[in-house]
Every structure is written in C-alpha cells, then in structure tokens.
Amino acid sequence: MPSRERYFEVLERDGTARLGKLRLDEPRVTPALVGDLLEDYGSLWTDDRATPKGDTSKITVLPHRAAPPGTPAEVVEEKQPKHDPRGFPTAAVVSAENPEPSGHDLYILTGVRGGNSRDVVEAVKLARRSLEPDSALFLPASATPRNVATLAYLGFDAFDEDYAVVSGKGGTYMTRELEVDVEELEELPCSCPVCADATPDELKRDEIAEHNVNALRAELVNVRDRIRNGRLRDYVEGQMRASRWQVEAVRLLDGTDYVEERTPVTCRTELATNSSESLDRAEIQRFARRVVERYRAPRDDVAVLLPCSAGKPYSQSRSHSDFRDAIRRRAHEVVVTSPLGVVPRGLENVYPAAHYDTPVTGRWDAKEVEFVGGVLADYLEKNEYERIVAHVEEQGYGDVVEKAVEKTGVNVEYTVEDGAHPTDDASLETLKETLHGEERASHEDEKRAYVRATADYQFGRGAGDIADEAHVEGRLPRLRVVRNSDDEHLATLTPGYGTLAVSVEGAREFDAPRVEIDAFTPEGSVLAPGVLDADDEIRVGDEVIFEGPSAVGVGRARMHGDEMVRSERGVAVSVRHTSDV
Ligand SMILES: [Zn+2]
C-alpha cells in the first residue's frame with residue numbers, strides 16, 4: 001500500500017470508542033454526522049475514468065465493486081479500481097462481510113442488518129480489526145438520538161442524519177429516551193429552536209425531521225464530551241436501557257478480545273460501577289483475573305479478610321485505619337469488595353482498585369455474591385494460608401466468604417459477631433486478640449510487598465522477585481525501587497496511576513513489553529509511523545521499553561500493540577525517558 005497523506009486521526013481513545021478528527025479545510029471532530037462532507041463519485045464512475053479531482057473541503061467517495069461471496073481473492077483484487085496516492089481525503093464503500101483495507105480515510109460500512117444486535121456487533125468487530133486503525137468507520141442511515149451513544153461505544157466514528165430525517169417525515173419524534181408518533185405526545189420534551197414554544201399538533205413533518213436532527217447533534221456533543229473524559233461506558237450503561245437492542249449489543253460486546261485489547265490498564269478517571277453490567281466491564285474482569293493469575297501473597301501464615309471502604313485508597317479511610325491499628329502488620333490484609341472481587345493490600349493503589357465508585361446499600365445481589373465469592377475462592381486456592389480470619393459483617397460479606405468456603409473447604413475464623421459491625425470496638429478488640437502471637441512484619445517488608453505486588457500485577461507473575469535484590473525508598477504511596485548491587489534506580493511507584501513507572505534498566509529487569517522503533521531519537525512521543533513492531537500484549541497505559549538503532553527509552557503506551565504496528569498516524573508511546581545508543 002503506497003504511503004500517502006492521511007486525513008483522519010484518532011485523538012483520544014475511550015475503550016472501543018474514539019475521539020477523532022477529520023482533517024479537512026474545516027476540521028470535524030468525530031463521532032459526528034458527516035453526510036454533508038461526502039462527495040460521491042461512486043455511481044458516476046467507470047473503469048476508464050481518471051481519478052476524480054477531489055479537494056480538501058470534502059471527502060471524495062471512490063467506487064468499490066462488490067464481488068459475490070466466494071469470488072477468489074485475486075479476482076476481487078483485479079476488479080477493484082486502482083487508486084493512486086491522492087492529495088485529498090477519500091472514502092470507500094466496504095461490505096460488512098468482507099471489509100478490505102485500501103488506504104482510505106473513511107469507510108462506509110454497508111450490508112449491516114441494523115435491527116439485529118448480533119449482526120451490528122460482529123460487523124463493527126470485523127471492520128475495526130480489518131481496516132486501518134487510523135481510518136474512520138461510517139455507519140450510514142442508522143443513527144438516532146437514542147442509539148448513537150451505543151453505536152459510538154461499539155466503535156463507529158461517523159453517521160448521517162438520513163434515518164432521523166426519514167423517521168421525522170414519517171411523523172416519528174425522537175429523543176434520547178423515546179421514538180414515538182408525534183400525535184401521542186401531550187407536550188414536546190425538547191427546547192430546540194423547532195420545539196421551543198410549539199405544541200405537538202403544530203409541528204409539520206419537516207419540522208419533526210429538523211428536531212430529530214437537532215436531538216441527534218445534541219447527543220453527539222454529549223458523546224464526544226463523554227469520550228474526552230473517559231466516561232462513555234458509564235453513560236452507555238444507563239442510556240442503553242432505552243431499548244432492548246442496545247442492551248443486547250453491549251452485553252454481546254463484553255468479554256470479547258475486541259474490548260479487552262482496547263481497554264486501558266491504567267487511567268486517572270474514576271470508574272463508576274452502577275449497574276449489573278458493570279461487573280462485565282473489561283477493567284473489572286481483567287483486575288480479578290490478574291489478581292488470581294499473577295499476584296502472590298507476601299506471607300502464608302495468616303490472612304485477614306476485610307470489607308472495602310468508600311474512600312480510596314482503602315488504607316486512607318477511617319475504617320481501614322482502625323483495622324490496621326488492630327492488625328498491626330501481624331497478618332496479610334485482603335480486602336473483599338464488589339465488583340472487583342479481591343484486593344490484596346499491596347494492590348490497593350492499582351487501577352481500578354483506587355478508582356472505582358459503587359453504590360453501597362449493604363445488600364448484595366446474587367450475581368455479585370457469585371462473582372466475588374468465586375474470585376475469593378480462586379484466590380484462596382492459589383494462596384494457601386495457615387489461618388484465615390474473616391473480619392466482615394454477617395450480611396453480604398459473610399455470604400461471599402461462605403460461598404468461598406463452600407467452594408474451597410478452607411477453614412475461616414470470624415471476628416465479628418452476628419449483627420455487629422467490623423468497626424465496633426468489640427469487633428476490633430476480638431480481631432486484635434485473635435492475632436495475638438502472630439509475627440509482625442516490618443515497615444520495610446510492607447513497602448516491599450507493594451512493589452512486588454504491583455510488579456507482578458503489571459508485568460506478570462514473577463516480575464516482582466526483583467524486589468528481593470533491591471531496596472525500597474520513600475513512604476507509601478510514593479516509593480522508589482533501587483537495585484542493591486549498583487544503586488541503579490529501577491522504578492517509581494506513582495500514586496495517581498498506582499503503577500510502577502520504570503527506568504530503562506527497570507524495564508529490562510521487569511521484562512516490560514517491547515516496542516521496536518526505526519532509526520530516530522524520539523522527543524516527547526514515539527509516533528505510530530516510527531514503530532516497526534510491538535508486542536501484542538501491550539495495552540493503553542502500559543509501561544513499555546522502546547528500542548531502535550539510534551535510541552532506547554521508556555514510556556507509556558497510548559495505543560494497543562497491534563494498533564501501533566498498523567497505524568500511520570498518532571502517538572504510539574508517550575516518552576518519559578530516552579537516550580541515544
Ligand atoms: Zn426539538
């Protein structure tokens with residue numbers, strides 16, 4: 001594929017959704033309506049015509065000939081019009097069944113059965129996987145004020161107003177919540193220029209269409225704002241309830257590699273977990289999985305299971321300060337919480353353990369008990385303690401512990417009386433006495449446990465063993481890891497992200513994921529065109545080491561690994577440190 005100027009750029013990623021920019025004379029930030037920008041030459045074209053003379057004010061749609069399913073690839077290739085590198089933005093029509101990348105800025109996805117949630121989800125997954133990551137994906141004739149947030153969440157960047165207009169001309173009035181015959185309305189639930197001061201029976205068909213487009217535009221403003229702030233998922237979990245189709249689509253997408261690859265490993269944004277779908281979020285599932293698969297408890301004599309606190313990190317909260325006073329480093333502290341499952345003390349600063357906010361009612365639903373109890377059981381099977389003390393209240397937390405006991409057969413000692421609260425004086429006193437005679441860890445041990453835990457969580461089981469050959473300086477939550485043999489600085493535990501920011505030496509020691517770059521010395525960032533290869537496992541927010549013939553350095557990934565390799569535009573890595581080799 002010839003390299004050419006590209007006119008679409010991804011500015012921000014929020015999971016599967018993106019904030020992008022169509023770089024036209026008048027740039028347009030996506031997700032957006034783009035119908036007015038398309039100059040369609042497709043239908044006018046024949047084989048022998050020259051490439052149209054496009055310009056940078058519009059996106060020129062070039063023709064694509066669909067081939068029947070089963071046509072050999074070389075025949076399909078032969079039949080496609082050949083496009084030269086161009087100096088203007090272009091689009092192509094592709095089929096949902098077989099979306100082929102061909103160097104365009106925007107792809108118009110056709111053949112999607114919009115009413116079928118499974119079809120839409122499969123189509124967007126295949127298209128985003130197959131087409132260039134730095135191209136925009138346009139779903140024509142589908143967007144409504146009600147569904148556009150979900151469509152953007154699935155990964156579409158561009159829409160048109162066609163469906164909203166046609167519906168309006170047919171008398172259907174659309175808002176974020178509803179799509180009804182205008183005659184069913186007593187009042188107009190909108191204050192756009194069309195609806196302000198009007199009554200439903202006064203609206204002409206054209207005006208309903210105009211209102212529908214206004215509502216669609218307003219919702220897109222909201223969607224872009226949500227993506228900018230990394231909060232689209234929270235919004236969609238509420239908005240999707242406006243129709244069954246959207247709930248299905250989000251549920252079908254959850255748990256797929258498509259979402260997992262695009263979900264950041266660390267983030268400063270608070271994670272709101274307000275619905276039962278929150279449990280299925282990739283952030284939550286990944287955390288639970290990594291705790292079970294990667295984490296290793298720093299001691300195996302005694303563990304105390306504790307309830308979570310509303311304040312984060314937990315140890316800064318009033319209740320946990322009381323628990324810690326009673327425990328006095330004589331046990332490993334393990335926090336049980338919905339929806340994350342299990343948060344060992346050393347991981348309390350890691351995303352999203354320090355970043356989630358969840359409604360607390362004291363009542364746990366069956367799905368929560370099953371999930372958290374399951375994670376706790378897996379955790380206790382991986383980390384075998386001689387004693388397990390459960391310092392939790394009977395209701396809810398007690399059910400979770402019982403669920404884990406049922407599954408594993410472990411023996412648990414309870415220190416909170418039925419009906420009492422873990423922060424009651426009597427409960428704290430019982431906890432203190434229960435731990436009488438247990439060995440007390442040093443402050444140094446405790447800091448080392450944070451480093452070990454974070455390194456294992458971040459880079460894989462075993463990575464944290466370096467902590468045994470290093471000393472840990474500073475006070476929690478800001479720690480510096482320095483190698484004993486040569487006083488080389490390996491990493492800093494950064495409070496905001498809760499991850500280890502590594503030095504080049506540290507990246508080698510922890511075996512951080514790698515990005516291979518071309519012969520240049522990056523300043524500020526490694527751009528995608530400079531990336532030759534990148535580990536598949538890299539996720540947005542990962543600490544990576546980059547290396548090329550001219551320079552080596554470390555930084556934070558801004559794209560997932562596959563996207564770094566396939567993109568021609570955008571920042572792949574934010575550089576923290578770089579040096580010439
Ligand atoms: Zn209106």
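Are Arg-233 and Asp-254 buried or exposed? Arg-233 is buried, and Asp-254 is buried as well, where buried means under 20% relative accessible area, exposed over 50% and partly exposed in between, with a 1.4 Å probe and protein chains only.

Please keep in mind that this is a predicted model, in which local features need pLDDT of at least 70 and side-chain atom pairs count only at pLDDT 80 or more, while totals for chains, interfaces and linings use all residues. Residues are numbered from 1 along each chain as its sequence is written, and side-chain values use heavy atoms, with hydrogens and water left out.

Arg-233 and Asp-254 form a salt bridge, with the closest N and O atoms 2.8 Å apart; the term stands for a side-chain nitrogen of Lys or Arg within 4 Å of a carboxyl oxygen of Asp or Glu. Because Arg-233 lies in helix α6 and Asp-254 in the loop between α7 and α8, the pair ties together parts that are 21 residues apart in sequence, helices being DSSP runs of H or I with at least four residues and strands runs of E with at least two, numbered from the N terminus.

A second salt bridge, between Asp-157 and Arg-18, has its closest N and O atoms 3.0 Å apart, and it links distant parts of the chain, 139 residues apart. Both Asp-157 and Arg-18 are buried.

Turning to the strands, β28 has seven of its seven residues buried, so it is largely enclosed by the rest of the structure. Five bridges join β27 to β28 in antiparallel fashion, and seven bridges join β28 to β29, also antiparallel.

Technical notes. Pairing = 2+ DSSP bridges.
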